[in-house]
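Visitor: I'd like to go through this model and ask where the labels come from. Could you show it to me?

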Amino acid sequence: MSGSRIEMRLGGTGGQGLLLSAKILADALAAGGKRVAQSQTYEPTSRGGFCNADLVISDAEVDFPLATAIDQLVLLDRLAVKPSWPLLKPGALVIADTRLCPELPAGDYRRYHLPLSRTALELGSERVTNIVALGALVALSGICGREQVEQAVRAEAPRGFLDLNVDALKAGYGLLTQEDGLANSPEPPARPLRDGIYRGAALVAGICQNCKAAYFPKPELCVNCHGDDIKEIELGAECVLFSFTTVHTEAAHSGLPYSIGYVDFPEGVRVFGPLDVEDPSNLRVGMPLRLEIGLMQHDGAGASIIGHRFVAT
Ligand SMILES: [Zn+2]
């Protein structure tokens with residue numbers, strides 16, 4: 001990874017406008033010549049769970065688009081703390097709302113507890129908390145110029161709320177009172193389920209050049225013909241459900257039923273993984289699914305793992 005890589009997360013819950021503020025910032029950074037990859041992670045099993053908008057920023061092409069070691073973190077809800085904390089880099093910048101995210105774990109980071117939502121309320125609407133936060137983030141990180149951000153806010157703000165959004169951005173610039181973080185050792189960054197099986201948002205599979213058998217993960221040897229000329233391919237996101245099962249017994253991580261299964265990719269590869277559907281009774285063999293790669297939470301050991309799952313389209 002290049003030395004210029006910066007990873008940023010806007011964390012909170014759905015409906016807080018985090019994706020919008022991430023897009024505004026991405027536009028402002030792109031206007032300044034940066035390369036930006038945008039992604040999101042969210043709690044898959046319930047509504048009202050955490051929702052994180054991530055940006056990976058670089059001077060050159062972004063080689064891996066998911067956040068794995070966060071440099072700058074904005075927290076607009078306490079729900080976003082747990083999934084983000086394991087990814088926090090030592091010395092990272094953390095901006096948290098005093099009311100919505102009053103408590104933070106100890107650690108080696110720079111903490112700014114700021115009245116983001118209260119400032120938005122005083123301006124007339126809690127809905128611009130995301131923009132107040134954006135102003136504070138830009139002021140503290142110096143990641144891009146204030147004029148570029150203001151232009152991007154003007155371009156993206158909902159019609160009729162332009163002045164409110166620009167006021168919120170400027171109010172965010174003004175909210176700087178530092179509290180020093182406490183020294184403590186941070187947890188390790190997220191790692192993939194297994195090295196080499198993901199590239200960006202794709203699964204890395206292998207095709208035997210002798211007999212054309214396809215595999216995921218890519219093997220060293222073809223078990224069909226014992227050939228060792230295996231070519232690497234990246235699978236697309238579209239796949240169909242081959243078989244599945246839904247588990248109703250209480251699992252360690254959740255009391256809810258969960259589904260797992262095999263899916264078939266058009267490249268001729270069958271892959272196993274968790275199925276992310278709102279209602280398991282809607283699962284049907286042959287239904288289209290979409291691959292997603294993102295954080296899987298592992299509550300027990302505390303480490304965060306990047307994994308894949310299949311989502312109903
Ligand atoms: Zn073969």
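Visitor: What is the handedness of the crossing of helix 5 and helix 6?
Guide: This is a predicted model, and in it helix 5 and helix 6 cross in a right-handed way. The contact draws on Arg146, Val149, Glu150, Val153 and Arg154 from helix 5, and on Leu162, Asn165, Val166, Leu169 and Tyr173 from helix 6.

Visitor: What makes helix 5 roughly antiparallel to helix 6?
Guide: The angle does. The axes of helix 5 (residues 146-156) and helix 6 (residues 162-173) cross at roughly 155 degrees and come within 9 Å. Angles over 145 degrees count as roughly antiparallel, so helix 5 gets that label against helix 6.

Visitor: Which residues touch the most other members of the largest nonpolar core?
Guide: That core has 81 residues, and the ones touching the most other members are Val94, Ile95, Val132, Ala133, Leu134, Ala136 and Val149. Helix 4 (residues 129-141) is the biggest giver, with nine residues.

Visitor: How do you know that this core lies between domain 1 and domain 2?
Guide: Look at who contributes. Domain 1 (6-180) and domain 2 (191-312) both give residues to the core, so it lies between them.

Visitor: What is Leu134 in contact with, leaving aside its neighbours within four places in sequence?
Guide: Leu134 is in contact with Ser21, Ile24, Leu25, Val149, Leu169 and Gly172.

Visitor: Why is Glu61 called exposed?
Guide: Glu61 has 8 other C-beta atoms within 10 Å, and a residue is exposed at 12 or fewer, so Glu61 qualifies. Glu61 sits in the loop between strand 3 (50-58) and strand 4 (70-75). Its C-alpha atom is 9.7 Å from that of Arg5, although these two are 56 residues apart along the chain.

Visitor: What makes the phi of Lys212 worth a look?
Guide: Its phi is positive, about 70 degrees, and Lys212 is not a glycine. You'll find Lys212 in the loop between strand 10 (202-208) and strand 11. With 11 other C-beta atoms within 10 Å against a limit of 12, Lys212 counts as exposed.

Visitor: Which residues does a cis peptide bond join?
Guide: Phe216 and Pro217, with omega at about -10 degrees. Pro217 lies in the loop between strand 11 (214-215) and strand 12 (230-234).

Key
Residues numbered from 1 in each chain as written. Predicted model: local features only at pLDDT ≥ 70, side-chain atom pairs only at ≥ 80, totals over all residues. Helix = DSSP H or I, 4+ residues; strand = E, 2+ residues; numbered from the N terminus. Buried ≥ 20, exposed ≤ 12 C-beta atoms within 10 Å, placed from the backbone. Core = buried A, V, L, I, M, F, W, Y, C linked by C-beta atoms within 7 Å. Domains from an automatic or database assignment. Contact = placed C-beta atoms within 7 Å. Axes fitted to C-alpha atoms, helices over the stretch in contact; angles between N-to-C directions. Parallel < 35°, antiparallel > 145°, perpendicular 65-115°, else oblique. Left-handed = near helix turned anticlockwise from the far one by under 90°.
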